[in-house]
Amino acid sequence: MYKLFYALKSASMGIRVLLEEIGEPYELIQTTVDMATPRPPEQLAVNPNGWVPVLSWDDGAMYECAAITVFLCDKHPEARLAPAVDDPSRATFLQTLVYFSNSVQNAFQLTYYPDRFVDTLTDEPSAQRRGNRRLRETWTVIDNQISDNEWVLGSQFSAADIYLFMLTTWLRPAKGHPDISEFPNAKRIADKVLQRTSVQQVYQPWIENPEY
Ligand SMILES: N[C@@H](CCC(=O)N[C@@H](CS)C(=O)NCC(=O)O)C(=O)O
């Protein structure tokens, strides 16, 4: 049985959607993204960085959202959430997940955790402003990549579409982030992902209040 260290608003929500899509039993272990609140020791034992998602199962555990995504998709091919290793779209699948993780998420981190990028409090607004611009740059790359495709991988729905949806829920124009409407191709996919039963269930708090 899978155990997912879980916090609202975090990347653990996208992994929970995958677990719902796969249909395997799982347990949520509540944790936090609040800097002032200690993490459970079991979470820190797997991920000393203290962030989520962290996934564990009978004889293993791991962290990093993109890696967990690939792991779960490959472990449960019957869920058809990823192209097989010899499928031509596998390359775009892996490329997009890693780009989400190390470029788009990194831009979000500049805006949400500026203290991790600069030395002094007075420099933090500058880091946040650069993060806002970086968000626009990286989302533009993704929007152009999608072009008029139905899904990230063309005609094939995949976990990359779920990951994309999750990232759109972090966009906060009130913080200076770009609005999702600036990226109509990404928005088109996010709107369709939102219709899925798994997403309706996991993202209920966000659906009720996008500023949750
Ligand atoms: N590269 C990591 C980043 C994970 C991450 O930044 N998680 C955030 C929530 S989305 C978190 O746990 N923040 C609290 C912290 O960093 O202590 C991944 O993709 O899994």
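Biologist: Which residues of helix H1 are buried?

Modeller: In this predicted model, helices (H or I, at least four residues) and strands (E, at least two) are DSSP runs, numbered from the N terminus. A residue is buried if 20 or more other C-beta atoms lie within 10 Å of its own, exposed if 12 or fewer, and partly exposed in between, with C-beta atoms placed from the backbone. The buried residues of H1 are Ser12, Met13, Gly14, Ile15, Arg16, Val17, Leu18, Leu19 and Glu21.

Biologist: What kind of model is this, and from where are residues numbered?

Modeller: This is a predicted model, in which local features need pLDDT of at least 70 and side-chain atom pairs count only at pLDDT 80 or more, while totals for chains, interfaces and linings use all residues. Residue numbering follows each chain as its sequence is written, starting from 1.

Biologist: What covers the buried residues of H1?

Modeller: Nine of the 11 residues of H1 are buried, so this helix is largely enclosed by the rest of the structure. Two residues are in contact if their C-beta atoms, placed from the backbone, lie within 7 Å. The cover includes S1, S2, S3, helix H6, helix H8 (197-202) and helix H3 (65-75).

Biologist: At about what angle does H1 run to S1?

Modeller: Axes are lines fitted to C-alpha atoms, for helices over the stretch in contact, and angles run from 0 to 180 degrees between N-to-C directions. Helix H1 (residues 12-22) lies across S2, S3 and strand S1 (2-6), and to S1 it runs at about 155°.

Biologist: In what order do the four strands form their sheet?

Modeller: Two strands pair if DSSP finds at least two bridges between them. The edge strands, each pairing on one side only, are strand S2 (26-30) and strand S4 (60-63). The sheet is open and its pairing is mixed, and the order is S2-S1-S3-S4.

Biologist: How many bridges join strand S3 to S4, and which residue of S4 does tryptophan 57 stand opposite?

Modeller: S3 and S4 form a hairpin with two residues between them, and valine 54 stands opposite tyrosine 63 in S4. The strands S3 (residues 54-57) and S4 run antiparallel, and the number of bridges that join them is four. Tryptophan 57 has as its opposite residue in S4 glycine 60.

Biologist: Which residue of S3 is the bridge partner of lysine 3?

Modeller: S1 and S3 pair in the antiparallel sense, over three bridges. The partner of lysine 3 in S3 is serine 56.

Biologist: Which residues does leucine 18 touch beyond its sequence neighbours?

Modeller: Leucine 18 belongs to the group of core residues that touch the most other members. Not counting residues up to four places away in sequence, leucine 18 touches Thr69, Leu72, Leu81, Ala159 and Ile162.

Biologist: How far apart do the C-alpha centres of the two domains lie?

Modeller: Domain bounds come from an automatic or database domain assignment, and the chain is divided into domain 1 (2-79) and domain 2 (90-196). The contact takes 10 residues from domain 1 and eight residues from domain 2, and H3 supplies the largest share of the domain 1 side, five residues. The distance between the C-alpha centres is 20 Å.

Biologist: Is alanine 82 buried or exposed?

Modeller: Alanine 82 lies in the loop between H3 and helix H4 (90-112). Leaving aside neighbours within four places in sequence, alanine 82 is in contact with Cys73, Asp74, Phe93, Ser158 and Ala159. Because 25 other C-beta atoms lie within 10 Å, alanine 82 is buried.

Biologist: Is serine 147 buried or exposed?

Modeller: Serine 147 is found in the loop between helix H5 (124-146) and H6, and its phi is positive, near 50°, in a residue other than glycine. Because it has 8 C-beta neighbours inside 10 Å, serine 147 counts as exposed.

Biologist: About what is omega at the cis peptide bond between valine 52 and proline 53?

Modeller: Proline 53 is found in the loop between helix H2 (41-46) and S3. For the cis peptide bond that joins valine 52 and proline 53, omega is about 10°.

Technical notes: Core = buried A, V, L, I, M, F, W, Y, C linked by C-beta atoms within 7 Å.
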